[in-house]
Amino acid sequence: MKHHGTSLHSLFILLFMYGLSNGFECDFHATMIRSVEKEGFHKELRSLVEIVTTKSTEKLRDCQVAIEENLPSSFYVDPDQLNNLGAYGKVVACANETVDVEKPQFTSPPLKVYVYSSLNTTGNLLVANLVLPIHLRYHKPRAGGGYEVVKISKPRLFLRCPRRLDCPKQGTMVFPCYRCSLNKCSWLEFSFKTNMDPLKVTVPVGDLNHKLIIQLLTFLVTIGGSIYIFSTLASKIPHL
C-alpha cells in the first residue's frame, strides 16, 4: 500500500513537471507598437512586434510572425507594389483577394491582408518590424467637404515555428505559409498589448458646393486641349 502511494506521488510529480515543460514553450508576452507614417494619400502602416520570454529564446529563434490586417474600405494595397517590394524582401505581404485600385471608397469592400516577418533575437527579446504600404481611396464628396476620421482596427497576431509548439490554450488558424503561397500552414494566435487601438487616419473629403465649378473647369480644359491638338495636327498638313 505504501509502495502504491509512492507510485502515485511519483506520477503526480511527473505530470506536474510535464505541465511545466509544456507551459515553457508558451511562456512569453507580446506587445505591438503601431503607427501610420507619411503624409498624403500614400502611407505606411508600421507594426513593431516585441515578444519577451523569461526563458531561453532558442526554441523561438527560427519562428515567423504574421499579422492579419483588416483594412476598412477607405484603404487599399497595390498588389503590383507588394510583389515588387516582396521580390527584394522589403515587404512581405499579400491580400487575400483581388484588389481594384481604381474604385472609390463608397463602392469598395473591406480588405484583409497578411503581413509576414522573421524574428530578430536580442537576449530574451524577439523583435519583428512589419511594414505595409497602404493607400487612401477617394471618398464621396459632401456639402461643406472637410475631413473624415477613418479607423484601422487592431490586427491579429500569429506565430509559426519549424518545430511545433505545444500551446493547448492558444487558438489556431490556417492561412498561407508565406506571401501569396498556395501552401497553407497552421498558425498559433496570440494576444498582445498595443499602444493604439484603433489607429486613426484623417482623410480629406471633397466639397459638393464646388461641383459646378469643377465641371466647368473640366469642360474648358477638355475643349482647350482638343482645340490645341486639332490646331497642331492641322498645321502639319501640307497646304494644297
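The model is predicted, so local features are given only at pLDDT of at least 70 and side-chain atom pairs only at pLDDT 80 or more, while totals for chains, interfaces and linings use all residues. Residues are numbered from 1 along each chain as its sequence is written, and side-chain values use heavy atoms, with hydrogens and water left out.

**View 1. The disulfide of C63 and C161.** Let us start with one of the 3 disulfides in the model; a disulfide here is a pair of cysteine sulfur atoms within 2.5 Å. The sulfur atoms of C63 and C161 lie 1.8 Å apart, and the link is right-handed, with 105° about the S-S bond. This pair links distant parts of the chain, 98 residues apart: C63 sits in the loop between β2 (42-53) and β3 (64-71), and C161 in the loop between β10 and β11 (172-176). Strands (E, at least two residues) and helices (H or I, at least four) are DSSP runs, numbered from the N terminus. C63 is buried at a relative accessible area of 2%, and C161 is buried at 14%. Buried means under 20% relative accessible area, exposed over 50%, and partly exposed in between, using a 1.4 Å probe and protein chains only.

**View 2. The disulfide of C94 and C180.** Here the two sulfur atoms are 1.9 Å apart, and a value of 100° about the S-S bond makes the link of C94 and C180 right-handed. C94 belongs to strand β5 (residues 93-95) and C180 to the loop between β11 and β12, so the pair ties together parts that are 86 residues apart in sequence. Are both cysteines covered, or what does each one show? C94 counts as buried at 13% relative accessibility, whereas C180, at 40%, counts as partly exposed.

**View 3. The disulfide of C177 and C185.** The sulfur atoms of C177 and C185 are 1.8 Å apart. This disulfide is right-handed because the torsion about its S-S bond is about 95°. C177 is buried, with a relative accessible area of 12%, and C185 also counts as buried, at 15% relative accessibility.

**View 4. Strand β3 and its partners.** Look along β3 and you will find 7 of its 8 residues buried. Strand β6 (residues 111-118) pairs with β3 in the antiparallel sense over 8 bridges; two strands pair if DSSP finds at least two bridges between them. In this pairing, V65 has S117 of β6 as its bridge partner. β3 is also joined to β10 by 5 bridges, and these two strands run antiparallel. A66 stands opposite F158 in β10.

**View 5. The largest pocket.** The volume of the largest pocket is about 180 Å³. On a 1 Å grid over the protein atoms alone, a pocket is an open set of points where a 1.4 Å probe fits, with protein on both sides within 12 Å along at least five of seven lines, and lining residues have an atom within 4 Å of a point. Grid points are joined across faces, edges and corners, and a volume is the space filled by probe spheres set on the points. Among the lining residues are R160, C161, R163, T172 and W187. β10 (156-160) and β12 (184-190) each supply at least two lining residues, and β12 gives the largest share, with 3 residues.
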